[in-house]
Amino acid sequence: MSIAVYNTLRAQQGSAKRLGSQLPELTAARLIVESQLVDAQQLQESVQSIEANAGWAMWRDALVLCTTLDSARQDVIEGQWCNEQVSLSARLVAPQQYRLVRMHSETDTGADQVYRDQRVLLRDGLDEQHAIYRLWYQKQNTPLLSETAEPTEQWAWRPVAQQFMGWHTSQALQKENS
């Protein structure tokens, strides 16, 4: 299904009742993903370079909401950071070696990729209530008459990435609920 057809279906009066739920808003864009292996020092420099306005890090003994990495500690297990344009995701893959994934998007209304934002409820004890993740989907360009594709898979939108986009603050929640 093309994004134009999807948006037409989404906008139809009573579509939520007929479909059983409200279809999420999808935005066409192009996701750019860069991945590399880095050491702890390079990870710290990368996080510092994006000047993150939101983020979190999981250390061996705590989960902390932070926009930089503590230079005194070398025991980070994984983390995610973002600013308005770029997000970073890091995961420990070997002693002092991390898989660093950098994601950003470009506006492209003709792209075979779309995204939607989703709020994720966080556990108690953290300063924020919800995280925002951008869920990316890629259009399967399987020919309609392909013998290898299942009928339900033809032209389907497949999930390809999850991008950390920051926090949904309690003030924003209060405005939505009022």
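How many helices and strands does the chain have? In this predicted model, the chain has four helices and nine strands. From the N terminus, the elements follow the order α-α-β-α-β-β-β-β-β-β-β-β-α. The chain comprises 178 residues, and 37% of them count as buried. Among contacts with a separation of 6 or more, 54% join residues 24 or more positions apart.

The nine strands form an open sheet. Their order in the sheet is β3-β2-β4-β5-β6-β1-β7-β8-β9, and the pairing is antiparallel. Strands β3 (63–65) and β9 (157–168) are the edges, each pairing on one side only. From one strand to the next, the twist averages 25°. In general, strands of a sheet pair through backbone hydrogen bonds, in a parallel or an antiparallel manner. Strand β8, spanning residues 130–139, pairs with β9 over 10 bridges. This pairing is antiparallel. Within it, His130 stands opposite His168 of β9.

Helix α3 covers residues 40–49. The helix lies across four strands: β1 (27–39), β4 (76–82), β5 (86–94) and β6 (97–107). Relative to β1, helix α3 runs at about 145°.

A nonpolar patch is present on the surface, formed by Met58, Ile77 and Leu92. Together, these residues have about 200 Å² of accessible area. Leu92 belongs to strand β5, one of the strands that α3 lies across. The relative accessible area of Leu92 is 35%. Leu92 therefore counts as partly exposed, since that class lies between under 20% for buried and over 50% for exposed.

Two residues other than glycine have a positive phi: Glu51 and Gln96. For Glu51, phi is near 50°. Glu51 sits in the loop between α3 and β2 (54–59). Its relative accessibility is 65%, so Glu51 counts as exposed. For Gln96, phi is about 60°. Gln96 is placed in the loop between β5 and β6. With a relative accessible area of 38%, Gln96 is partly exposed.

Key
Residues are numbered from 1 along each chain as its sequence is written. This is a predicted model: local features need pLDDT of at least 70, side-chain atom pairs count only at pLDDT 80 or more; totals for chains, interfaces and linings use all residues. Side-chain values use heavy atoms; hydrogens and water are left out. Two strands pair if DSSP finds at least two bridges between them. Helices (H or I, at least four residues) and strands (E, at least two) are DSSP runs, numbered from the N terminus. Axes are lines fitted to C-alpha atoms, for helices over the stretch in contact, and angles run from 0 to 180 degrees between N-to-C directions. Contact means heavy atoms within 4.5 Å. Patches are made of residues with over 30% relative accessible area and no salt bridge: like charges are joined within 9 Å, nonpolar side chains (Val, Leu, Ile, Met, Phe, Trp, Tyr) within 5 Å. Accessible areas come from the Shrake-Rupley method with a 1.4 Å probe; for residues, only the protein chains shown count as cover. A salt bridge is a side-chain nitrogen of Lys or Arg within 4 Å of a carboxyl oxygen of Asp or Glu. Buried means under 20% relative accessible area, exposed over 50%, partly exposed in between (1.4 Å probe, protein chains only).
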